[in-house]
Amino acid sequence: MHPLELTLTKSSSPKYLQLAHALREAIKKGLLQPGEKLSSAREFAKVLKVNRHTVMNALAELVAEGWIVAHQRSGYRVNQALPITQSCTATPQPSVPVHQFEFTRPLPYQVARNISDYQYCFAGGLPDLTQFPYREFQRALVKSSQHSAFASFHYGEADGSKLLKQQVGEYLRRARGIQPVDDKQVMICNGSQEALFLIAKALLNPGDKVAVEALGYPPARAAFSECGANLVTIAQDSEGLCIADFERQLQLGGIKLVYLTPLHQYPTTLTLSIARRMRLYQLACDYNVIIIEDDYDHEFHYACQPLQPMAADDPARRVIYLSTFSKLMFAGARVGYIHGAREVITQLSGLKQIINHKNDIVMQQAVAFWMQTGGFERHLRRMTKLYQSRLIAIVNELQGYQELGYPIEFRVPDGGMALWVNVHRSVIGLKAALEKQGVYLQTEDEFVAGSLGTVSYIRLGFAGQDEEKMRAGLAIIVEQLYAHN
């Protein structure tokens, strides 16, 4: 093929890439056949009015991709074994059927859209990322990169950075009343979802029963189900999990774990009373059941001091406690942790090595340095005040709609990042209708385990957006719910 037959398109990309593209297309179209000799680099450069080094770079690119081969003292030829099925002039080959994958089970859980796609976002556990002290945390990241021991960057420490485990352990003592003996009772995970899956994988055999609240956290249920568990739903009432129903289910036998969110229950926001916690713990001991306590937003409590976790008073070592920094920082940090008996942490660490040899050590060390300098708790205090003010604002807004006669009913929670609101209308289809208007919220049907009855609740997250957006988004929700009724 003569260089005159080539055309370099006008483009901002480098000349050598333009030439490589032109030659590649000529080969694909059959204008250059396998084995055909190319003109010399000197001739290409002269005709195309480009530097010879440009031509050499283009040819080297095509050699690396497998389109042409270089022959010593005889120049370049089109590869006999092209990296395409055939050029368009070659003999057609029979079509190859596309493989159809057969998966062991349906996809258990999938988020349809990115939350950041919505103009108004009422996601229940979403922090306000505009308020995070990025510059301050950047200094911790730089320190982590520059001052961490090089040995920590190698494989090892699947259970997490020793420094971060120590900081988390100290924080648990001071802020939550949990007393780890040492860092062997703490494990750092890639978020709380990894923690849930590891716990389920380590403790459950196919067919084991896991007790869950009738309204609960769908990703947790998905983790248990994926590990072969059968879910047993426990009824709830106006005070949370029904202990009498839990006892009835225990008497039927086979329950190995109970999973619950006793503080700011997900999604109803109720806090389980001390009396019910004590009775649940006693039943777990009597029936040899392990308690998985998910304390996902402990810090954000406004009316009073939050109740201590069940793990803070666990003489039988029956509670496996997990939490996350996603609500305190941002989900992309992927830092969660588990507290439990030493043998539990050892087992989970061994299992984690099969999934992931090591977490992001730079991020872990940065979080540890940030905690050491007090930045973590300063940020926590700021956000607690901000979220409390946003709770007051959304309560006032909802009360305004009540005064206008809208059938809205809710309790003001003692803490958390969301409200559980009875709109006294079916919420089936509401989520999809609001998505078209740029509004994200969650509806009761998303949280139901078992049979679906009348669903009339929505979960309104108030932490992740400012008051102006909250009011505008809430107006759209109310309009959608009541305009045609």
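Which residue is the bridge partner of Tyr321 in strand 12? In this predicted model, that partner is His339.

- Strands of a sheet pair through backbone hydrogen bonds, in either a parallel or an antiparallel sense.

**Helix 12 with helix 14**

- Helix 12 (residues 375-403) packs with helix 14 (residues 467-482) at an angle of about 30°, and their axes lie 11 Å apart.
- Because angles under 35 degrees count as roughly parallel, helix 12 and helix 14 are described as roughly parallel to each other.
- The crossing of helix 12 past helix 14 is right-handed.
- Helix 12 contributes Ser389, Arg390, Ala393, Ile394, Glu397, Leu398 and Tyr401 to the contact, while helix 14 contributes Glu467, Met470, Arg471, Leu474, Ala475 and Val478.
- By class, the residues of this contact between helix 12 and helix 14 comprise 8 nonpolar, 1 polar and 4 charged.

**Helix 4 with helix 11**

- The axes of helix 4 (residues 134-147) and helix 11 (residues 361-372) cross at roughly 120° and come within 8 Å.
- Helix 4 and helix 11 are therefore oblique to each other.
- Helix 4 also passes helix 11 in a crossing that is right-handed.
- On the helix 4 side, the residues are Glu136, Phe137, Ala140, Leu141, Lys143, Ser144 and Ser145; they meet Ile361, Val362, Met363, Gln365, Ala366, Val367, Phe369 and Trp370 of helix 11.
- The residues of the contact of helix 4 with helix 11 comprise 10 nonpolar, 3 polar and 2 charged.

**Confidence of the model**

- The chain has a mean pLDDT of 89, with 91% of its residues at 70 or more.
- Confidence is highest in strand 10 (residues 290-294), at a mean of 98, and lowest in helix 2 (residues 41-48), at 86.
- Residues 85-90 have a pLDDT below 50; this stretch has 12 contacts in the model beyond near neighbours in sequence.

Methods: Residues numbered from 1 in each chain as written. Predicted model: local features only at pLDDT ≥ 70, side-chain atom pairs only at ≥ 80, totals over all residues. Heavy atoms only, no water. pLDDT = per-residue confidence, 0-100. Helix = DSSP H or I, 4+ residues; strand = E, 2+ residues; numbered from the N terminus. Contact = heavy atoms within 4.5 Å. Axes fitted to C-alpha atoms, helices over the stretch in contact; angles between N-to-C directions. Parallel < 35°, antiparallel > 145°, perpendicular 65-115°, else oblique. Left-handed = near helix turned anticlockwise from the far one by under 90°. Nonpolar A, V, L, I, M, F, W, Y, C, P; charged D, E, K, R; others polar. Pairing = 2+ DSSP bridges.
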